[in-house]
Amino acid sequence: MKHLIAPSILAADFANLQRDIEMINESQADWIHVDIMDGLFVPNISFGFPVVEAVKKNATKPLDVHLMINDPDRYLQAFKNAGADNITVHYEACTHLHRTIHAIKDMDCLAGVALNPHTPVALLEDIIADVDLVLIMSVNPGFGGQRFIANTYRKIVQLKQMAASANPTLHIEVDGGVGSANAAQLIAAGANVLVAGNSVFAAEDPTGAIAALKRANESVA
Ligand code: DX5
Ligand code: ZN
């Protein structure tokens, strides 16, 4: 299966959000990555429900909502109502992760769990069969435009091995510092969803940058 590209609108121009969503609609992107930050789980605040609703109104592609918030159970239904198609919560932010994952699935969303750079993949052993997606953070969450952490490759390989028997259709998503320099190697390691913020929106030709990420593994295929 061809890998998926999820441009992160955290790097979009919020004064021209409709234009940037339309760019994604017309591009080869597969999902729209939406970063929600609460100022507690991460040292930054992004945006809330009215913005997600506005994105949904203009988007023709699924919203891949990444919740960087403490105790996300409080807001799952609200994000579903705002237009989320996929909801990913952080392993580090959930006391009862199994319950949270099933609450997301019961709303007919794809359910994801995200791991911070310091959180081992092995901790997913007893939840991996229940999730649709694992998001490996390749930077410390909170900000766009950070440098990619190379240990991520090892984590992806490990996760891919775990998934081979426990959950062969698992989406393996990488988020943070992803661009043309590392996309092919990430796909070769086993990732099938690439999130890209600055490498798309700071590019001179964002549509072309998305197309290049979509073709990233052609030379190594
Ligand atoms: C970081 C967010 C990322 C961010 C990625 O906390 O989860 O989704 O938007 O941005 P880049 O691709 O610029 O690292
Ligand atoms: Zn994200």
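Helices (H or I, at least four residues) and strands (E, at least two) are DSSP runs, numbered from the N terminus. What you're looking at is a predicted model, where local features need pLDDT of at least 70, side-chain atom pairs count only at pLDDT 80 or more, and totals for chains, interfaces and linings use all residues. Residues are numbered from 1 along each chain as its sequence is written, chains are lettered from A and ligands numbered from 1 in the order in which they are written, and side-chain values use heavy atoms, with hydrogens and water left out.

Let's start with the overall picture. The protein has eight helices and eight strands. Its C-alpha trace spans about 45 × 40 × 30 Å along the principal axes. Of the 221 residues, 54% count as buried. Buried here means under 20% relative accessible area, exposed means over 50%, and partly exposed is in between (1.4 Å probe, protein chains only). The accessible surface comes to about 9,800 Å², of which 51% belongs to carbon and sulfur atoms; such areas come from the Shrake-Rupley method with a 1.4 Å probe, and for residues, only the protein chains shown count as cover. Contacts (heavy atoms within 4.5 Å) say something about the fold too: among those between residues at least 6 apart in sequence, 65% join residues at least 24 apart.

Now for the metal. Which residues hold the zinc ion (ligand 2)? The protein donors are His33 (NE2), Asp35 (OD), His66 (ND1) and Asp175 (OD), lying 2.1 to 2.3 Å from the ion. Donors are N, O and S atoms within 2.8 Å of the metal (3.2 Å for Na, K and Ca), and water is not among the atoms, so sites may look incomplete. The site is octahedral, with angles of 70 to 170° among its six donor atoms. For the label, six donors count as octahedral if opposite donors are over 155 degrees apart and all others between 65 and 115. Ideal angles for six octahedral donors are 90 or 180 degrees. In sequence the donor residues of the zinc ion (ligand 2) are spaced H-x1-D-x30-H-x108-D. Distant parts of the chain are linked here: histidine 33 sits in strand β2 (residues 32-37) and aspartate 175 in strand β7 (residues 171-175), 142 residues apart.

Take a closer look at histidine 33. Its relative accessible area is 0%, so it counts as buried, and aspartate 175 is buried as well. Leaving out residues up to four places away in sequence, histidine 33 touches Ala6, Pro7, Ser8, Ile9, Asp64, His66, Leu135, Glu173, Asp175 and Val195. The C-alpha atoms of histidine 33 and alanine 6 are separated by 5.4 Å, although the two are 27 residues apart along the chain.

The bridge partner of histidine 66 is threonine 88 in β4. Strand β3 (residues 63-68) and β4 pair in the parallel sense over four bridges, where pairing takes at least two DSSP bridges between two strands. In a regular strand the side chains alternate between the two faces of the sheet. In β4, Asn86, Thr88 and His90 point one way and Ile87 and Val89 the other way, and all are buried.

Helix α8 (residues 206-214) comes next. Ala209, Ile210, Ala211, Leu213 and Lys214 are buried there, and what covers them includes β1 (4-7), α1 (17-26), α6 (183-189), β8 (193-196) and α7 (198-201). In the segment after α8 you'll find asparagine 217, which is buried at 18%. Neighbours within four places aside, asparagine 217 is in contact with Lys2, His3, Ala184 and Ile187.

Finally, check the backbone angles. Most residues other than glycine have a negative phi. Aspartate 71 has a positive phi of about 50°; it lies in the loop between β3 and α3 (76-82) and is partly exposed at 38%. Phi of aspartate 108 is near 65°, in the loop between α4 (97-106) and β5 (110-115), and this residue is exposed, with a relative accessible area of 71%.

Note on methods: Four donors count as tetrahedral if all angles lie between 85 and 135 degrees; four count as square planar and six as octahedral if opposite donors are over 155 degrees apart and all others between 65 and 115; anything else is irregular.
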